[in-house]
Amino acid sequence: MRAAFERVAEIGFEGLRLRQVAEQVGIDHSTLHHHFATKQVLIAAVAEYTTRQFWPTAPDTPDPAAALRAHLDALHQLMTERPQLFAVSAELDLRARRDPEVAAALGGYERGWRELLTELFRPGQPDPSAAAELVIAAVKGVRLTPERAGPVFDRLAALLTEPEEEQA
């Protein structure tokens, strides 16, 4: 599964070939099929592996502003240290647009992220659902340009956590 992850990070899903994955890990093609019966099953495993890498970025503080900043800082660090993770997440998002199985799998993971983010905001300060969507959109928007993530995430955290008079 990690070999498939690496292939997707390098060449995308369209270039993913089971035979090449098997060769990369030094096993026979039929052995790979024993563990992953189809390419679709392998893609689902890559999706799960990829999304699990983000779980440690979940905030661990009761203060909503500090939690958001900690989450964005953790994502920024992950972008810097593991850019391939974000390349694969972008590939998964693109694949999900035309693959209902991938869309369903990612939808479940993203619902969890959305719920986590929504809980960080008190109702009305700002609208929790809109704030969660804004964070998700910003993260997805800068994931392939990690050098821009720091300033974007800093401004986003300020917009969502500071009173309006402090934002000027």
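Leaving aside neighbours within four places in sequence, which residues is L72 in contact with? Select L72 and look around it. The contacts are V135, V139, F153, L156 and A157. Keep in mind that this is a predicted model.

**Stop 1: the whole chain**

Zoom out and colour by secondary structure. The chain has ten helices and zero strands. The C-alpha atoms fill a box of roughly 65 × 30 × 25 Å along the principal axes. The chain has 168 residues, and 39% of them count as buried. Now think about contacts between residues at least 6 apart in sequence: 60% of these join residues at least 24 apart.

**Stop 2**

**Stop 3: α5 against α9**

Select α5 (64–81) and α9 (149–161). Two packed helices are described by the angle between their axes and the distance between the axes. For α5 and α9 the angle is about 170°, and the axes are 10 Å apart. An angle over 145 degrees counts as roughly antiparallel, so α5 and α9 are roughly antiparallel to each other. Their crossing is right-handed.

Now show side chains at the contact. From α5, pick A65, L68, R69, L72, L75, H76 and M79. From α9, pick A149, G150, F153, D154, L156, A157, A158, L160 and T161.

**Stop 4: the aromatic pairs**

How many aromatic pairs does the structure hold? There are two. Select F5 and Y49. Their ring centres are 5.2 Å apart and their planes stand at 80°, so this pair is edge-to-face. F5 sits in helix α1 (residues 2–11) and Y49 in helix α4 (residues 39–52), so the pair ties together parts 44 residues apart in sequence.

Move to F54 and F86. This aromatic pair is edge-to-face, with 5.2 Å centre to centre and 80° between the planes. F54 lies in the loop between α4 and α5, while F86 lies in helix α6 (residues 83–96), so the pair links parts 32 residues apart in sequence. F54 is buried at 18% relative accessible area. F86 is buried at 2%.

**Stop 5: R95**

Stay on α6 and select R95, which is found in that helix. Is R95 buried or exposed? R95 has 14% relative accessibility; the cut-off for buried is under 20%, so R95 counts as buried. Show what R95 touches, not counting residues up to four places away in sequence: F13, E14, Q40, I43 and V102.

**Stop 6: E147**

Finish at the loop between α8 (128–142) and α9, where E147 is found. E147 is exposed, with a relative accessible area of 60%. Draw a distance from E147 to G12, C-alpha to C-alpha. The two are 22 Å apart in space and 135 residues apart in sequence.

How values were computed. Residues are numbered from 1 along each chain as its sequence is written. This is a predicted model: local features need pLDDT of at least 70, side-chain atom pairs count only at pLDDT 80 or more; totals for chains, interfaces and linings use all residues. Side-chain values use heavy atoms; hydrogens and water are left out. Rings of Phe, Tyr and Trp (its six-membered ring) pair if their centres lie within 6.5 Å; planes under 30 degrees apart count as stacked, over 60 as edge-to-face and the rest as tilted. Helices (H or I, at least four residues) and strands (E, at least two) are DSSP runs, numbered from the N terminus. Buried means under 20% relative accessible area, exposed over 50%, partly exposed in between (1.4 Å probe, protein chains only). Contact means heavy atoms within 4.5 Å. Axes are lines fitted to C-alpha atoms, for helices over the stretch in contact, and angles run from 0 to 180 degrees between N-to-C directions. Angles under 35 degrees count as roughly parallel, over 145 as roughly antiparallel, 65 to 115 as roughly perpendicular and the rest as oblique. A crossing is left-handed if the near helix is turned anticlockwise from the far one by less than a right angle, and right-handed if clockwise.
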